[in-house]
Amino acid sequence: MNRRSFRDIHGILLLDKPLGLSSNQALQTARRLVGAAKGGHTGSLDPLATGLLPLCFGEATKIAGWLLGSRKAYEAEVRLGQTTTTADLEGDVVETRPVPALSDADIEAALAPLRGRIVQVPPAYSAIKQDGVPLYVRARRGEVVDVPSREVDVYRLDVIGREGDVLRLHVECGSGTYVRSLAVDLGAHLGCGAHLTGLRRLWVEPFMAPAMVTLDDLREAAESGPDPLEACLLPVDAGLAHIPRIDLDPARTRVLGFGQPVPLGAGTATGRCGVWGADGRLMALGDVDAEGVLRVLRGFNLPAP
């Protein structure tokens, strides 16, 4: 597909990212297959990770940054007894230690401090930037990388399977949480070290039960023409399904259309909301303040329904 076939497409693709591709590689492959002129992803998955990577095309890219902060769930595989330079399979083994006989209670005791609002040190091999340079670039140069700790939210961290020295974990966490770091910290608490050997993202809020599409699905749809391809996409408003909806009358639609605040009156729910105009078109991601005044955070220029 050449660049001349790219066109304005607006929607969200729930991609099942394959093993071995970076998030950007997966995005660009999907964008070429869909033929979207503009696209972005909603948070990186490492090449060794698979699973849900929401991709935003056209006007949906305006909410991609907002979806970055969404709650996420993973299934993780952790091998006890070894630590690596990257905290996963890609790195060199730094240390090998015997794994003690661990009861379920021992593992639960090690997991407990890793739940809730915790302080975490991200891996040195990560995409976090310092002075505009990703940490993994500095680490690969052999530079000493000082990674600052930060607070993250871990809502759920449970063992769902165990085979020898390998644990399978269910993880639900907030934005900025590194599952690799959870594996490292778990190994430290157990006294034997650990690293991440597999990771699959299960869902990203608000896509809690996602019908994911593979790149092979897209290739097959591309051979059938544009309509099957567009059928793989969710509408832009699917990314706002978990926040209140406000429908404006014609008068308020005109006011918001000029970019002006819209008084909605006392008793209106405050906070983030999706805003629809009188013609049924999604107009904006908005915010309602304590006085009931609606303001635009992101405006959309979508075709008429």
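Trainee: Which strand is joined to β13 by three bridges?

Mentor: The model here is predicted. In it, β13 belongs to an open sheet of five strands with mixed pairing, in the order β13-β15-β16-β17-β14. The two strands joined by the three bridges run parallel, and the partner covers residues 271-276. That partner is β15.

Trainee: Which strands stand at the edges of this sheet, each with a single partner strand?

Mentor: The order of the open sheet is β13-β15-β16-β17-β14. An edge strand has a single partner, so one side of it is left without a neighbour in the sheet. The strands in that position are β13 (245-247) and β14 (262-263).

Trainee: Which residue in β15 does Ile246 stand opposite?

Mentor: β13 spans 245-247, and β13 runs parallel to β15. Within β15, the residue opposite Ile246 is Val275.

Trainee: What is the volume of the largest cavity?

Mentor: The structure holds two cavities of 30 Å³ or more. The lining of the largest cavity includes Asp46, Asp88, Thr197 and Gly198, and by class it has five nonpolar, two polar and two charged residues. The volume of the largest cavity is about 70 Å³.

Trainee: Which strand gives the most to the lining of the largest cavity?

Mentor: Among the lining residues are Leu196, Thr197, Gly198 and Leu199. The strand that gives the most supplies four residues and covers residues 194-204. The strand is β12.

Trainee: How many nonpolar residues are in the lining of the second largest cavity?

Mentor: About 40 Å³ of space lies in this cavity. Its lining consists of Ala76, Val78, Leu157, Leu169, Val171, Val179, Leu182, Ala183, Leu186 and Leu196. By class, the lining has no polar and no charged residues, and the nonpolar count is 10.

Trainee: Which element supplies the largest share of the lining of the second largest cavity?

Mentor: β4 (72-80), β11 (166-173) and α5 (179-190) each supply at least two residues of this lining. The largest share is four residues, and the element supplying it is α5.

Trainee: What is the volume of the second largest pocket?

Mentor: Residues lining this pocket include His10, Asp237, Trp276 and Arg281. By class, its lining has eight nonpolar, two polar and two charged residues. The volume of the second largest pocket is about 180 Å³.

Trainee: How far apart are the end C-alpha atoms of helix α1?

Mentor: Helix α1 has 12 residues, 23-34, and at 1.5 Å a residue it should span 16 Å. The distance in the model agrees with this, so the end C-alpha atoms are apart by 16 Å.

Trainee: Which elements do the buried residues of α1 pack against?

Mentor: The buried residues of α1 include Ala26, Leu27, Ala30 and Leu33. Just after the helix, Gly35 takes a positive phi of about 85 degrees. The elements packed against by the buried residues are β1 (11-17), β2 (39-41), β3 (49-57), α6 (215-222) and α7 (226-230).

Trainee: Is Ala87 buried or exposed?

Mentor: Ala87 is in the loop between β5 (82-84) and β6 (93-96). Its phi is near 70 degrees, a positive value in a residue other than glycine. Buried means under 20% relative accessible area. Ala87 has a value of 8%, so Ala87 is buried.

Trainee: What is the omega of the peptide bond from Glu205 to Pro206?

Mentor: Pro206 is found in the loop between β12 and α6. The peptide bond from Glu205 to Pro206 is cis, with omega near 10 degrees.

Methods:
Residues are numbered from 1 along each chain as its sequence is written. This is a predicted model: local features need pLDDT of at least 70, side-chain atom pairs count only at pLDDT 80 or more; totals for chains, interfaces and linings use all residues. Side-chain values use heavy atoms; hydrogens and water are left out. On a 1 Å grid over the protein atoms alone, a cavity is a set of points where a 1.4 Å probe fits but cannot get out, and a pocket is an open set with protein on both sides within 12 Å along at least five of seven lines; lining residues have an atom within 4 Å of a point. Grid points are joined across faces, edges and corners, and a volume is the space filled by probe spheres set on the points. Ala, Val, Leu, Ile, Met, Phe, Trp, Tyr, Cys and Pro count as nonpolar, Asp, Glu, Lys and Arg as charged, and the others, Gly among them, as polar. Two strands pair if DSSP finds at least two bridges between them. The expected span of a helix is 1.5 Å times one less than its number of residues. Buried means under 20% relative accessible area, exposed over 50%, partly exposed in between (1.4 Å probe, protein chains only). Contact means heavy atoms within 4.5 Å.
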